[in-house]
Amino acid sequence: MVRLHDVFKTYPNGTKALRGVTFSLESGEFAFLVGPSGSGKSTVIRMLIGEIAPTEGGIVVSGFDLTTIKPRKLPYLRRRVGVIFQDFRLIDKKTVHDNIAFAMRAVGASVKEIRRRVPYVLDLVGLDAKAKSYPPELSGGEQQRVAIARALVNNPDLIVADEPTGNLDPARSLEILTLLQKINELGTTVLVVTHEKSLVDKLSRRVIAIDDGRIISDGTGGYYGYEEY
Ligand SMILES: Nc1ncnc2c1ncn2[C@@H]1O[C@H](COP(=O)(O)OP(=O)(O)OP(=O)(O)O)[C@@H](O)[C@H]1O
Ligand SMILES: [Mg+2]
């Protein structure tokens, strides 16, 4: 599903953000990506959605070779990969329903498909009662769930989430992570960037730890001697 092989990324200003990153996610897997600020987590996420290209190394996502992909093929990749950003990126002037419908229209879904699918995903994230609300009328956790509904509405193979619990209290954070696990159980591969060490420890899932652009541990059930993230 996802393969990174010895990936390096040097930004135009010379910052070496990734220095040989290798890991794979099998189809249907769930993993956390953890590491200190500036370690390269968002760089990995931005590469997986084709927003930036690697300087060196190989990346394949859902059958797309991202080292050679043509810009005109990126929309096809983006149908297969749903992304959740920390700052939600919702459209305040559109209702919850229309924010999600908009993501479907962007990939050419029919009115009939939109009518069927939007209520389904809103129900899945527990927001069916808020379909007609506008994002500024929602709590942070509710807005985050709209962002999740939008990420999964096109039925992607992979969902990547960059700090999806960033501004939430621990109870809401656990709710969001539980929801992402539920989505994973329905068959979607999920990669979650998080700083929530206590939650990561509690959930005993695979944890990929990155530091200074390198993978320093990769295993299940703990943070592998990695104290600060
Ligand atoms: N567009 C950019 N141009 C130059 N350097 C960048 C750019 N984006 C990120 N960096 C640098 O690359 C390194 C990795 O950044 P990245 O955003 O991937 O870290 P992160 O692990 O997501 O950190 P955080 O937990 O703070 O979000 C940092 O040194 C950062 O300053
Ligand atoms: Mg980041």
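Modeller: Two strands count as paired if DSSP finds at least two bridges between them, and please keep in mind that this is a predicted model.

Colleague: Which residue in β7 is the bridge partner of Val83?

Modeller: In general, the strands of a sheet pair through backbone hydrogen bonds, either parallel or antiparallel. Here Val83 has Val160 of β7 as its bridge partner, and β6 and β7 (residues 158–162), which run parallel, are joined by four bridges.

Colleague: In what order do the six strands of the open sheet come?

Modeller: The order is β6-β7-β8-β3-β9-β10, with mixed pairing. The edge strands, each of which pairs on one side only, are β6 (81–84) and β10 (214–220), and neighbouring strands are turned against each other by 15 degrees on average, direction ignored.

Colleague: Which strands does helix α1 lie across?

Modeller: Helix α1 (residues 41–48) lies across β3 (30–34), β6, β7, β8 (189–193) and β9 (206–211), and runs at about 150 degrees to β7. Helix α6 (residues 170–185) also packs on the sheet, where it touches β3, β7 and β8, and its direction makes about 160 degrees with that of β8.

Colleague: Why is α1 described as largely enclosed by the rest of the structure?

Modeller: A residue is called buried if 20 or more other C-beta atoms lie within 10 Å of its own. Six of the eight residues of α1 are buried, so the helix is largely enclosed; the buried residues are Lys41, Thr43, Val44, Ile45, Met47 and Leu48. Just after α1, Gly50 adopts a positive phi of about 75 degrees.

Methods
Residues numbered from 1 in each chain as written. Chains lettered and ligands numbered in written order. Predicted model: local features only at pLDDT ≥ 70, side-chain atom pairs only at ≥ 80, totals over all residues. Helix = DSSP H or I, 4+ residues; strand = E, 2+ residues; numbered from the N terminus. Axes fitted to C-alpha atoms, helices over the stretch in contact; angles between N-to-C directions. Contact = placed C-beta atoms within 7 Å. Buried ≥ 20, exposed ≤ 12 C-beta atoms within 10 Å, placed from the backbone.
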